[in-house]
Amino acid sequence: MPADSPKTFYLETFGCQMNFHDSEKVVGTLLHEGYRQVDTVEQADLVLYNTCSIRDKAEQKVFNRLSDYKKYKKQGKTFGVLGCVAQQEGEKIFERAPYVSLVCGSASYNKLPQMLKQLEAAESGNTASSAPISTPAAGAPPFAVFEGWESMLPTSGDPNLWNSGGKPAVKSASRRPAAESLIRITGLDDRETDACFETEFTARTNPHRGYITIIEGCDKFCSYCVVPYTRGKERSRTSQSVLAEARQMAELGYTEIQLLGQNVNSYKDSEGNLANRKTFAELLAAVGEVPGIRRVRFMTSHPRDFGRDIVEAIDAVPTLCDHVHLPVQSGSTRMLDAMQRLYTRDQYLERIAWMKSAKREISITTDVIVGFPGETESDFAQTLDLLEEVVYDAVFAFKYSPRPNTPSLKLEDAIPDEEKARRLDILMAKQREIQITRYKKYIGTKCEVMVEGKNEARCQYIGRTTHNKTLNFTVTPTANPKSGSYVPVVVTGSFPNSLLGELVV
Ligand code: 5AD
Ligand code: SF4
């Protein structure tokens, strides 16, 4: 590589939209720092994984990736682990994957440029810089540089050591003398951070619709959930900064915005001018009124904080999409209590009733966990019953997965995996039937879709409705709707998860 050619990086993202959007900000930050993004690990100098630890399966994915690192490290690549697994496992990652040089939780992303400079300086042998060579203690600088030993390498060649569950794989492995100098940098700001990761350099991947983070972290502490520990405490951006970003996106040609947060409903504006502080519903409406913006979505809502004013905003502002994702988790109040969800089945259904009485039909989707400790057949039956009562447009269902640090870890995970799998199958089969009936109702109606692309093999265009449904449609031979445009489509057919239609000419 010529001395002046930019360093290259490869970034792979796991998990939710928050992670996906964080990655867009990380990519923008790295590009601004002079790095060049490449499509494969082979081409990269710096390999980053933005990780998810919401369920054990997600967490294992990154350790599977890292088990490949050894062959690449020999090629001089540098590895970094970002996101929730980084925050959760911290320096333990160095034990499971000794060749990782950078471990950075999401609350420390705004320090990434500094950390990368430290890493580069350290790797080129210039560590006379100011960074501390220790773990950050309370009140200490935001990140630490470790230098020196090649520790905790597995003494056996067993590759499974790298995939051995949530615990350090080689806890008591003998330390070998330093074969090479490994540089380790951690950014593990904990729940105390007040900062949001705001950057003007976000590298959005889609030119028509994009995310804006309005709130980071979570203070809800549902008993099964790792997020409050990995993403830190709740901190909101000011409405002024969110609206400025929305206006800037509109000027760049974006027409759809999705407001993001682990719990957007607990958004708290800290705008300097008290009189201008906005509630979440007011912020939503204000983003919907930005000239040029045609669709606004938001994700995710917590039922406890979901106010009627949100439905009123959807009624009042036509650009707000007719879709609300309102995770219920269980249809049994007893389970909701054990999950520390802070609402009852009836309170949840009250929110559903608000949405059902809206002027426009609101599409409702949800998340469900099956097999939470202590879930009886009767609790599960109440969840199935809730699906029938609400008639969701989509349900994202998960088997309960015990997570580190969470209160429910202390409960006996008494429901065997096969039983969780059985309940999951039953639930998904029921929801499939509900969706078959529900989606058929759209046949004959006219919907506006945003064109997302073309499926050449099927000669179909791919569109998305305001309800967030995929509507694949055909056009007359002369028509060629552009990606990002909005066109009317009449629905001619339906499947359990999508609709079929024809462009209206
Ligand atoms: N086990 C299973 N599912 C979980 N979720 C969060 N934590 C867990 C867990 N420990 C699910 C919830 C949440 C969604 C994003 O992931 O349904 O709404
Ligand atoms: Fe996790 Fe509950 Fe916070 Fe959602 S509201 S991120 S499920 S703790």
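Predicted model: local features only at pLDDT ≥ 70, side-chain atom pairs only at ≥ 80, totals over all residues.
Local features were considered only at pLDDT of at least 70 and side-chain atom pairs only at pLDDT 80 or more, whereas totals for chains, interfaces and linings use all residues. Residues are numbered from 1 along each chain as its sequence is written, chains are lettered from A and ligands numbered from 1 in the order in which they are written, and side-chain values use heavy atoms, with hydrogens and water left out.

The shell around ligand 2 was defined by residues with a heavy atom within 4 Å of the ligand. It comprises Cys218, Lys220, Phe221, Cys222, Tyr224, Cys225, Val227, Pro228, Gln262, His302 and Arg341. By class, 7 of these residues are nonpolar, 2 are polar and 2 are charged (nonpolar: Ala, Val, Leu, Ile, Met, Phe, Trp, Tyr, Cys and Pro; charged: Asp, Glu, Lys and Arg; polar: the others, Gly among them).

Side chains of opposite charge can pair when their charged atoms come close. With a salt bridge taken as a side-chain nitrogen of Lys or Arg within 4 Å of a carboxyl oxygen of Asp or Glu, the count comes to 31. One of them joins Arg294 to Glu448, with an N to O distance of 3.0 Å. Arg294 lies in the loop between helix H9 (280–288) and strand E12 (295–299) and Glu448 in strand E16 (residues 446–455), so this pair ties together parts 154 residues apart in sequence (helices, H or I of at least four residues, and strands, E of at least two, are DSSP runs numbered from the N terminus). Arg294 is partly exposed at 41% relative accessibility, and Glu448 is partly exposed at 40% (buried means under 20% relative accessible area, exposed over 50%, partly exposed in between; 1.4 Å probe, protein chains only).

A salt bridge also forms between Arg360 and Asp322, whose closest N and O atoms are 2.5 Å apart. Arg360 occupies the loop between helix H12 (345–356) and strand E14 (363–370), and Asp322 the loop between helix H10 (308–316) and strand E13 (323–325), 38 residues apart. Arg360 is partly exposed, at 23%, whereas Asp322 is buried, at 8%.

In the pair formed by Lys469 and Asp393, the closest N and O atoms are 2.3 Å apart. Lys469 lies in the loop between strand E17 (460–465) and strand E18 (470–474) and Asp393 in the loop between helix H13 (377–390) and strand E15 (394–399), so parts 76 residues apart in sequence are tied together. Lys469 is buried at 3% relative accessibility, and Asp393 is buried at 2%. Finally, salt bridges with shared partners join Glu375, Glu377, Glu419, Arg422 and Arg423 into one network.
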